[in-house]
Amino acid sequence: IFKGETWDPLPSGDGQKLSLRFQSNGRYYRSINFSFTEPWLGGKKRNSLTVSVFNNKFSNAYNPQTGQFDRKYSDSSYLKTTGITLSLGKQLKWPDDFFTLVYSLNFINYNARNYPIFPGFSNGKSTNISLKIALNRSSIDQPIFPRSGSNFLLSGQFTPPWSSIKGIDEADIFKLVEFHKWRFTGEWYVPIGKPSGADKSRQFVMRIAVKYGFIGRYTS
């Protein structure tokens, strides 16, 4: 990316992904996201490293007395979220080459001011630290518009059992988020009929999918 002669029109590497996104509609909502993925960590095997950082702000900006949006209320009623994720992925050789295993360490901080998220929590800070393990098998022919193959994903995400470690009081129950979450996704892509067009890219495809999610707690 730092070599001028490679910009024709854009430099191409070994599949690295760099993303920077900014969204806003004024004082009511603002979002900044940054992500970088290196798919060939070490340069020899398909081990991936991803770093993601984001910062969001949701403002109420609603004056309950006038019933109108008011700029000064965007600084007195809001929810800010800041997070970072580090992910390390590894291609598996067993049962076949379509399997990958990804470990993700996530940190999210919530900062609320006069912004009711849950009953009993509208002011203060809350921290979410979790480890996610995902096993994926993907044999789709292309990521943008799959026409054949399948995709299966099983993941588990866990926070430390803070209530067992620290003995959190009822008044501080929102300061450290605690949960375990499980998700499963299965997708099949079946081509219908024969492809058409000059490059045989026009194809009807039937997609069959099933998804399941569960979130639970360690203690009562």
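A polar contact of 2.8 Å joins the side chains of S104 and S87; the term denotes a pair of N or O atoms within 3.5 Å, of which, within protein, one must be able to donate a hydrogen and the other to accept it, and residues adjacent in sequence count only if both atoms are side-chain atoms. The model is predicted, so that local features need pLDDT of at least 70 and side-chain atom pairs count only at pLDDT 80 or more, whereas totals for chains, interfaces and linings use all residues. Residues are numbered from 1 along each chain as its sequence is written, and side-chain values use heavy atoms, with hydrogens and water left out.

S104 is placed in strand β7 (residues 99-113). Strands (E, at least two residues) are DSSP runs, numbered from the N terminus. S104 is buried because its relative accessible area is 10%, the cut-offs being under 20% for buried, over 50% for exposed and in between for partly exposed (1.4 Å probe, protein chains only). Residues up to four places away in sequence aside, S104 touches T85, L86, S87, S130, L131 and K132, where contact means heavy atoms within 4.5 Å.

Antiparallel pairing links the strands β1, β2 and β3. Strand β1 (residues 17-24) pairs with strand β2 (residues 29-38) over eight bridges; two strands are taken to pair if DSSP finds at least two bridges between them. S19 has S35 in β2 as its bridge partner. Four residues lie between the strands in the hairpin of β1 and β2, where G26 takes a positive phi near 100°. On pairing with strand β3 (residues 47-59), β2 forms ten bridges, and Y29 stands opposite F58 in β3.

Two loop residues show backbone features of note. Most residues other than glycine have a negative phi, and most peptide bonds are trans. The peptide bond from W94 to P95 is cis, with omega near 5°, and P95 is found in the loop between β6 (78-91) and β7. In the loop between β7 and β8 (124-138) lies N114, a residue other than glycine whose phi has a positive value, near 50°. N114 is partly exposed because its relative accessible area is 41%.

Confidence is expressed as pLDDT, the predictor's confidence in each residue, from 0 to 100. The protein chain has a mean pLDDT of 90, and 100% of its residues reach 70 or more. Within the protein chain, confidence is lowest in strand β4 (residues 62-63), at a mean of 74, and highest in strand β9 (residues 149-158), at 97.
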